[in-house]
Amino acid sequence: MNKSIKIALVLISIIINLETLYGQEQIFSKNSIKTGFGIGVSMGNHSHGIGFVYTIGYQREIWKDKLRLNPNFSIGNYSSKLLLDAIDQYFNSINIETNLFYDLIKIKSFSLIIGCGGVINNSLGLKGTGRFNESNENTYSEYINDYHFGGYLGTGFRFNSPNGRAAINLIPINLHFGNHDFAEFHAKIDLDLKF
């Protein structure tokens, strides 16, 4: 195993298990860092692709440990390699968003969560092959640089031990939607690291 991967795994296990180093009675603040990873699709007027998304943001509990505010930044890398009859496309989708998450049903450390919010998106990349098509006409490559404004809807599950420093969110439904036929759908896993 690569040395840097070993170091990263050791650091992650230390962060997740910090509560045992300080005892079970440690009290955490209402603030946390939220990171996430997912897989899904992104599409707009000029872009369609499948790929991965990475997120990082801040989270603040604002009401009775059930309502949380989460401004965040995400970047997704997409291509049309796995899409049938689609022109070659390689693009990034950058989102700046602010979401609210609410624990709809909460049983001890398990919650069913719902979320909503607003998003600003920039999709930029390259579309087209730059080669001749079947009718011997030259197909030119085209640069994509589209801006979208819209909303966010999501639902999933949250596992949050009151005595633990980390909370895990499994969110199979993450939907961004907006103007110019913009839509993104991802399944994500998030990790909240409490201060």
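The largest pocket of this predicted model has a volume of about 280 Å³. A pocket here is an open set of points on a 1 Å grid over the protein atoms alone, with protein on both sides within 12 Å along at least five of seven lines, while a cavity is a set of points where a 1.4 Å probe fits but cannot get out. Grid points are joined across faces, edges and corners, and a volume is the space filled by probe spheres set on the points.

Residues lining the largest pocket (those with an atom within 4 Å of a point) include I27, F28, E61, D65, P162 and K194. This lining divides into three nonpolar, three polar and six charged residues; Asp, Glu, Lys and Arg count as charged, Ala, Val, Leu, Ile, Met, Phe, Trp, Tyr, Cys and Pro as nonpolar, and the others, Gly among them, as polar.

The model also holds two cavities of 30 Å³ or more. The largest cavity contains about 140 Å³ of space. It is lined by 18 residues, of which T55, N72, E97, N174 and K188 are the closest to its centre. Strands (DSSP runs of E, at least two residues, numbered from the N terminus) that give two or more residues to this lining are β2 (48-63), β3 (67-79), β4 (89-107), β7 (166-178) and β8 (182-194). Ten of the lining residues are polar, four nonpolar and four charged.

The second largest cavity holds about 60 Å³. Among the residues that line it are S29, N31, Q59, R68, R158 and D192. Here β1 (31-43), β2 and β8 each give two or more residues. This lining has six charged, four polar and no nonpolar residues.

Residues are numbered from 1 along each chain as its sequence is written. Local features need pLDDT of at least 70, side-chain atom pairs count only at pLDDT 80 or more, and totals for chains, interfaces and linings use all residues, while side-chain values use heavy atoms, with hydrogens and water left out.

Definitions and conventions. Helices (H or I, at least four residues) and strands (E, at least two) are DSSP runs, numbered from the N terminus.
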